[in-house]
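Let's walk through this structure together, from a few single residues out to the chain as a whole. Keep the sequence and the 3D view side by side as you read.

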Amino acid sequence: MPSHAEHRKMPYSADQMYDLVADVDSYPQFLPWCAAARIRSRTEKGDREVMDADLVISFKVFRERFGSRVTLWTDRSRIDTEYLDGPFRYLKSKWLFTPAEDGGCIVDFDVDFEFRNRMLQGVIGLVFNEAMHRIVHAFEKRAAALYGSGAAKMRE
């Protein structure tokens, strides 16, 4: 049952980081091992938007599609993801974006999952921490590419 948590100070606004993570369609452009993304549906539900999405993950000889429900809480600067279908037993993640007093924002990210396939779980277990660091770094690089570097680019 791998789980991982990150707490990062970023020089971008909470809105910018929220928008970057909420843009699931763009994941194949910058996330390692993400071969494809497709939004199945989007529904407004009062104070949140719920998006069902498929991601195709390609890692060595494994290529798997999985579906997830992404809940976008714009007013709370929070994004929750829960597993719908695919190779996992379960998957949950949470992103929280908090404006920092001195500019920029604090990004908190938590993920917890388990694969159904023992062999795939074993392979991922060997490289899990490195994979999570590469994914977080990919989001950081994407933010720099979209918003430039430094607090001068903040729009809050």
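A residue is called buried here when its relative accessible area is under 20%, exposed when it is over 50%, and partly exposed in between, using a 1.4 Å probe and protein chains only. What you are looking at is a predicted model, in which local features need pLDDT of at least 70 and side-chain atom pairs count only at pLDDT 80 or more, while totals for chains, interfaces and linings use all residues. Residues are numbered from 1 along each chain as its sequence is written, and side-chain values use heavy atoms, with hydrogens and water left out.

Let's begin with Ser77. At 13% relative accessibility, Ser77 counts as buried. You will find Ser77 in the loop between β4 (62-73) and β5 (78-85); strands such as these (E, at least two residues) and helices (H or I, at least four) are DSSP runs, numbered from the N terminus. The backbone deserves a look too: most residues other than glycine have a negative phi. Ser77, however, has a positive phi, near 50°.

Now turn to Trp33, which also has a positive phi without being glycine, here near 70°. Trp33 sits in the loop between α2 (27-30) and β2 (34-45). Its relative accessibility is 22%, so Trp33 counts as partly exposed.

Next, find helix α1, residues 14-22. Seven of its nine residues are buried, which means that the helix is largely enclosed by the rest of the structure. The buried residues of α1 are Ala14, Gln16, Met17, Tyr18, Leu20, Val21 and Ala22.

Stepping back, you can trace three helices and seven strands in the chain. Along the sequence they follow the pattern β-α-α-β-β-β-β-β-β-α. The chain is as compact as a globular protein of its length, because its radius of gyration of 16 Å is close to the 15 Å that the globule rule gives for 156 residues. That radius is taken over C-alpha atoms, and the rule is 2.2 Å times the number of residues to the power 0.38. Along the principal axes, the C-alpha atoms fill a box of roughly 45 × 35 × 25 Å.

How much of the chain is buried? Of the 156 residues, 48% count as buried. As for contacts (heavy atoms within 4.5 Å), among those between residues at least 6 apart in sequence, 51% join residues at least 24 apart.
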